[in-house]
Amino acid sequence: MLNENIKAIRKSKGLSQQELAVKVNVVRQTISKWEQGLSVPDSDLLIALSEALETPVSTLLGGNVVESEADAVKALSEKLEIINLQFARRKAMRRSAVHWLFIAVCVGILTVAAVLAVVNSPYLGWDYSAPETAVMGVAIHVFEWGFVRLAPLALIVALVGVFLTRKKA
């Protein structure tokens with residue numbers, strides 16, 4: 001009778017044996033032994049058990065307690081709600097990280113464009129006749145040529161990304 005009541009009330013509260021054991025300050029195996037009827041809690045542990053299960057001692061010692069379906073469903077729905085909240089937080093953090101990445105890409109593109117404008121870029125008027133600087137001039141020329149053609153597309157994509165990942169109020 002006591003063993004069945006402990007098990008039924010624990011399940012109706014949505015607690016595992018381990019969670020109940022932590023509340024009562026015993027090991028999980030002790031709860032298992034109580035539920036199997038292999039041992040019984042002493043008076044101090046019985047009081048602690050009743051407090052942990054929020055049930056009077058008389059109910060634990062009394063007749064059979066039937067686990068109600070509503071309590072089991074309620075406990076399950078509470079656990080699912082917690083899991084859903086965790087998923088929502090992760091999704092919000094990922095969205096925020098992607099949002100700031102797009103903003104960084106926009107700032108980077110605009111910074112490079114500003115630097116090229118400040119140095120009067122039309123391919124920097126590099127002196128290709130000097131062999132020491134010709135290779136560097138060609139490398140910078142290739143970078144500028146690619147940047148001028150690809151940066152506007154990358155900027156548009158990044159701005160669309162910033163718009164799509166913004167926080168919706």
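**Salt bridges, helices and cores**

Arginine 10 sits in helix α1 and glutamate 35 in helix α3, so the pair ties together parts that are 25 residues apart in sequence. Bear in mind that this is a predicted model.

Is this pair buried or exposed? Arginine 10 counts as buried, because its relative accessibility is 7%. Glutamate 35 is buried too, with a relative accessible area of 9%.

How many salt bridges does the structure hold? There are two. In the other pair, the side chains of lysine 13 and glutamate 54 meet, at 3.7 Å from N to O. Lysine 13 is in the loop between α1 and α2, and glutamate 54 is in the loop between α4 and α5, residues 57–61, so this pair ties together parts that are 41 residues apart in sequence. As for cover, lysine 13 is partly exposed, at 37% relative accessible area, and glutamate 54 counts as exposed, at 64%. As a general point, side chains of opposite charge can pair when their charged atoms come close.

Now the chain as a whole. It contains seven helices and zero strands, so read the order of elements from the N terminus as α-α-α-α-α-α-α, going by how helices and strands are assigned. Of its 169 residues, 26% count as buried. The accessible surface comes to about 11,700 Å², and 67% of that belongs to carbon and sulfur atoms. Take the contacts between residues at least 6 apart in sequence: 63% of them join residues at least 24 apart.

Next, the inside. The largest nonpolar core has 15 residues, and those with the most contacts inside it are Ile6, Leu20, Val24, Leu49, Leu53 and Leu60. Which elements give two or more residues to this core? They are α1 (2–12), α2 (17–24), α3 (28–36) and α4 (43–52). Apart from this core lies another, of eight residues, including Ile109, Leu116, Ala151 and Leu155. In general, nonpolar side chains tend to be buried together in soluble globular proteins.

Setting aside neighbours within four places in sequence, isoleucine 6 is in contact with Leu20, Trp34, Glu35, Leu49, Leu53 and Leu60.

Let me turn to α2. Its buried residues are Gln17, Leu20, Ala21 and Val24. They lie on the same side of α2, because they cover an arc of only 105° around the axis. What covers the buried residues of α2? The cover includes α1, α3 and α4. After α2 comes asparagine 25, whose phi is positive, near 70°.

Last, the outside. Leu76, Leu80, Ile83 and Phe87 form a nonpolar patch on the surface, and together they have about 390 Å² of accessible area. One of them, isoleucine 83, is found in helix α6, residues 69–118. Isoleucine 83 counts as partly exposed, because its relative accessibility is 39%.

That is my tour; I am happy to take questions.

Definitions and conventions. Residues numbered from 1 in each chain as written. Predicted model: local features only at pLDDT ≥ 70, side-chain atom pairs only at ≥ 80, totals over all residues. Heavy atoms only, no water. Patch = residues over 30% accessible without salt bridge, like charges linked within 9 Å, V, L, I, M, F, W, Y side chains within 5 Å. Areas by Shrake-Rupley, 256 points an atom, 1.4 Å probe, with all protein chains shown as cover. Salt bridge = Lys/Arg side-chain N within 4 Å of Asp/Glu carboxyl O. Helix = DSSP H or I, 4+ residues; strand = E, 2+ residues; numbered from the N terminus. Buried < 20%, exposed > 50% of the residue type's maximum accessible area, 1.4 Å probe, protein only. Core = buried A, V, L, I, M, F, W, Y, C linked by side-chain atoms within 4.5 Å. Contact = heavy atoms within 4.5 Å. Arc of directions from axis to C-beta.
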